[in-house]
Amino acid sequence: MDVLGDKLWIFIALVFVAVFLLSQGLVIPVFGESRGARKRLGQRMKQISESDGAAERVSLVREQYLRDLSPLEKRLESMSLLQPLVTLIAQSGYRTRAYRVLLMAILLAALAGFMGYSLTGIWWAPLALSPLGAAIPFLYLRRKRSQRIAKIEEQLPDVVDVIIRALRAGHPFIEAIRLVSTEMPSPVKEEFQTTFNEINYGGDVRIALFGLLQRVPSVLIMALITAVLVQRESGGNLAEVLEKIASVIRGRFRFQRRVRTLSAEGRVSAWVLTLTPFVLFLMITLVNPGYMPMLTENPRGGDIILTSLILIVVGVFWIKKILNIKV
């Protein structure tokens, strides 16, 4: 009976893993960069910062953020171990402390482990469920970051149009940034407001723009910043350059929408193929309750169920790999 209970909980855990992987892997936003693209962009940003000396300079906004904290909070937020989490929170748009997210992860891990052991009585249940509980805040922040960056990229063509109109009206580039921070909706409004404040407080334009790229790691933002910095160093008509960039961005979005439309059939097929075994299992159990025990109560049947679920998880990764079309 204990073996059957163990297999039942393994079955439930694998169902959760399969559905979770399916939702994470196949609910892909139309806009936004893939994880690999963000990683390459992060490496490029690190190289630029080291070559430019920007890593040694501290943003005035960051200084103000630390100044509002208590001494203990300031020490915690300045720990090198929490800096990736601080960056993740900033990119997700949340206004919370990194140490609070870490404490929440520890609390959820302890709660998941306690509930797992209390419900199952299996000694390894806390070891399996605690990491899942601890990962919830970080997965939530990563998802919010992806959605926020995708939203900013969607608004970027309109941002470029506002800058172009301001430049052609005779305004300087800094005033164009201010217009974006006042005329555009959230979330792009807050990011350009932060950039304008850093410049307005006396900061360097180059460092402020690199700060924008750090908060919004996107190839499109990098293209915009590169065009501005090249024009400031070599001269030229910035409005015409930005107009071409806006055209390229809109063309890229049209292509991404087409890719998503063409891959819609594959995503629907993935959901159907993955969820069909579970739906049939529940329907057969409801229609004929005495049918499924022949499979679940047999030791060989339990092995077959586990093998099938493992193959379903492998299939989710396989389908994700097929549908992950790099644009």
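**Helix packing and the core**

Tutor: Helix 9 and helix 10 pack with their axes 9 Å apart, at an angle of about 155 degrees. Helices here are DSSP runs of H or I with at least four residues, numbered from the N terminus, and axes are lines fitted to C-alpha atoms over the stretch in contact, with angles from 0 to 180 degrees between N-to-C directions. This is a predicted model, in which local features need pLDDT of at least 70 and side-chain atom pairs count only at pLDDT 80 or more, while totals for chains, interfaces and linings use all residues. Residues are numbered from 1 along each chain as its sequence is written, and side-chain values use heavy atoms, with hydrogens and water left out.

Student: Which word describes how helix 9 lies relative to helix 10?

Tutor: Angles under 35 degrees count as roughly parallel, over 145 as roughly antiparallel, 65 to 115 as roughly perpendicular and the rest as oblique. Helix 9 is therefore roughly antiparallel to helix 10.

Student: Which residues make the contact between helix 9 and helix 10?

Tutor: Contact means heavy atoms within 4.5 Å. From helix 9 come E191, F192, T194, T195, E198 and I199, and from helix 10 come V205, A208, L209, L212 and R215.

Student: How do helix 7 and helix 12 cross?

Tutor: Their axes come within 9 Å and cross at roughly 160 degrees, so helix 7 is roughly antiparallel to helix 12. Among the residues in this contact are L156 and I163 of helix 7, and L242 and I249 of helix 12.

Student: What is the angle between helix 7 and helix 8?

Tutor: Helix 7 packs against helix 8 at about 135 degrees, with the axes 9 Å apart, and that makes helix 7 oblique to helix 8. Here V159, V162, I163, A166 and L167 of helix 7 meet F173, A176, L179 and V180 of helix 8.

Student: How many residues does the largest nonpolar core have?

Tutor: A nonpolar core is a set of buried Ala, Val, Leu, Ile, Met, Phe, Trp, Tyr and Cys residues joined through side-chain atoms within 4.5 Å, where buried means under 20% relative accessible area with a 1.4 Å probe, protein chains only. The largest one has 41 residues, and L156, V159, F192 and L242 have the most contacts inside it. Helix 7 gives the most to this core, with nine residues.

Student: Which residues does L156 touch?

Tutor: Leaving aside residues up to four places away in sequence, L156 touches L220, I221, L224 and I249.

Methods. Buried < 20%, exposed > 50% of the residue type's maximum accessible area, 1.4 Å probe, protein only. Helix = DSSP H or I, 4+ residues; strand = E, 2+ residues; numbered from the N terminus.
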